[in-house]
Amino acid sequence: MPKQLPNLQTLFYLILSLTLLLSALLITSVDRQNNTQPHSASAHGDDTQGAIDWVSEAEALARRGDFGAALPLYEKAISALVSYPSQQHALRYRYGIVLNALGAKSRPDLYPLARAQFESVLRYLDSGAKLPHSSARVRSALAHTYHRQAASEETATQRKQLLNTAYLLYKSAVEGLLNQGEWHNLAITYFNLGQVCEWQGNLEEAINWLEKAVQLDLQHKLPDLEEDSDYLAALRQQVEPVQQNRETTL
C-alpha cells in the first residue's frame, strides 16, 4: 500500500492534536483582537471556542468509530474559523489527512473531500501565505489521495488516470521537499513514486525511485530503511528474470 504523510497509525494522534492546536489558537486570536478591535474580540473568541468544542466532540465520536457523526463537526469547525484563514487552513490540512486515512480504511468516497481540503490549502499557500506545512508537502499529500484511490479502483481507464495524476503531483513535490530538507517526507514520496511506476508497469523507473528512497534512509537514518530496502529488492527480482531472458534469447 502507499505510504501516507503521515502514516495511518497516526490517525488518532492527529485527531487529538486538532484540539491542542485550536486551544492555542484561541489564546492568540483573542489577544490579537484585543489589541486591534476590542469591540469584536468576544465574537471572534466565541467563534474560535466553538471550533474547539466541535473538534473536541468530533474527537470523542471518532475514537468510538462514529466517523459519520464526527466529520460534519470538523466541517463546522472549519467554517467557524473563516476570520482566521491561517488557522482554518492548518485545520483543513489535518482534516484532509484524517479523510485520506479513513478513505483507505473503508470510505473511498471520502477521497474527493480530502482533495478539496488540500487544494484549498495549496491556493492559500500560492497566495503568498505561510503555514507550518510547505506547499510541497501538501502536494505530496494531494497526490496520495489519487494514489490510494487507484488502489481500490476497478475500472482500468479510471485507475490509469488516477495513477497518472498521482505521478505528476508527486514529481511536482520532489524539488520543494528537497529544497526544504524534508528528508523523511521526500523518502516517502520517492517510495510512492516507485509504487506508482510499478503499478503502471514501469519497473525500471520504479527501481530508480526506490534507490533514491533507500539512499535517503541510509544518509539520514530514517525509520523506513528496512521496508524500503525490501521493496527495492522485490522490484529488482521482478526485473532480473526479464533481463536474463533477453540475454539468452537466440
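**View 1. Arginine 107 and aspartate 109 form a salt bridge whose closest N and O atoms are 2.9 Å apart.** A salt bridge here is a side-chain nitrogen of Lys or Arg within 4 Å of a carboxyl oxygen of Asp or Glu, and by this rule the count comes to 4 salt bridges. The model is predicted, so local features need pLDDT of at least 70 and side-chain atom pairs count only at pLDDT 80 or more, while totals for chains, interfaces and linings use all residues. Residues are numbered from 1 along each chain as its sequence is written, and side-chain values use heavy atoms, with hydrogens and water left out. Arginine 107 is partly exposed, with a relative accessible area of 31%, and aspartate 109 is likewise partly exposed, at 48%; buried means under 20% relative accessible area, exposed over 50%, and partly exposed in between, with a 1.4 Å probe and protein chains only.

**View 2. Glutamate 182 pairs with arginine 137 in a salt bridge, with 3.0 Å between the closest N and O atoms.** Because glutamate 182 lies in the loop between α7 (156–180) and α8 (183–199), whereas arginine 137 belongs to helix α6, the pair ties together parts that are 45 residues apart in sequence. Helices are DSSP runs (H or I, at least four residues), numbered from the N terminus. Glutamate 182 counts as buried at 13% relative accessibility, while arginine 137, at 23%, counts as partly exposed.

**View 3. A salt bridge joins glutamate 211 to arginine 236, the closest N and O atoms being 2.9 Å apart.** Glutamate 211 sits in helix α9 (residues 203–220) and arginine 236 in helix α10 (residues 225–248), so this pair ties together parts that are 25 residues apart in sequence. Glutamate 211 is partly exposed at 32% relative accessibility, and arginine 236 is partly exposed at 36%. Side chains of opposite charge can pair when their charged atoms come close.

**View 4. Helix α4 (residues 85–105) packs with helix α6 (residues 135–152) at an angle of about 20°, their axes being 10 Å apart.** Axes are lines fitted to C-alpha atoms, for helices over the stretch in contact, and angles run from 0 to 180 degrees between N-to-C directions. The two helices α4 and α6 are therefore roughly parallel, given that angles under 35 degrees count as roughly parallel, over 145 as roughly antiparallel, 65 to 115 as roughly perpendicular and the rest as oblique. The crossing of α4 and α6 is left-handed, a term that applies if the near helix is turned anticlockwise from the far one by less than a right angle. Tyr93, Ile97, Asn100 and Ala104 of α4 meet Arg137, Val138, Ala141, His144, Thr145 and Arg148 of α6, where contact means heavy atoms within 4.5 Å. By class, this contact of α4 with α6 has 5 nonpolar, 3 polar and 2 charged residues; Ala, Val, Leu, Ile, Met, Phe, Trp, Tyr, Cys and Pro count as nonpolar, Asp, Glu, Lys and Arg as charged, and the others, Gly among them, as polar. Serine 152, found in helix α6, is partly exposed at 43% relative accessibility, and its C-alpha atom is separated by 8.6 Å from that of alanine 104, 48 residues apart along the chain.

**View 5. Helix α5 (residues 111–126) packs with α6 at an angle of about 160°, with their axes 9 Å apart.** That angle makes α5 roughly antiparallel to α6, and the crossing of α5 and α6 is left-handed. Among the residues making the contact are Phe118, Val121, Leu122 and Leu125 of α5 and Val138, Ala141, Leu142 and Tyr146 of α6. The residues of the contact of α5 with α6 divide into 10 nonpolar, 3 polar and 5 charged.

**View 6. The axes of α4 and α5 come within 8 Å and cross at roughly 150°.** The helices α4 and α5 are therefore roughly antiparallel to each other, and α4 passes α5 in a left-handed crossing. The residues that meet include Tyr93, Ile97, Leu99 and Ala104 in α4 and Leu113, Phe118, Val121 and Tyr124 in α5. By class, the contact of α4 with α5 has 12 nonpolar, 7 polar and 1 charged residues.

**View 7. Lysine 221 lies in the loop between α9 and α10.** Phi of lysine 221 is near 55°, a positive value in a residue other than glycine, and lysine 221 is exposed, with a relative accessible area of 73%. Most residues other than glycine have a negative phi.
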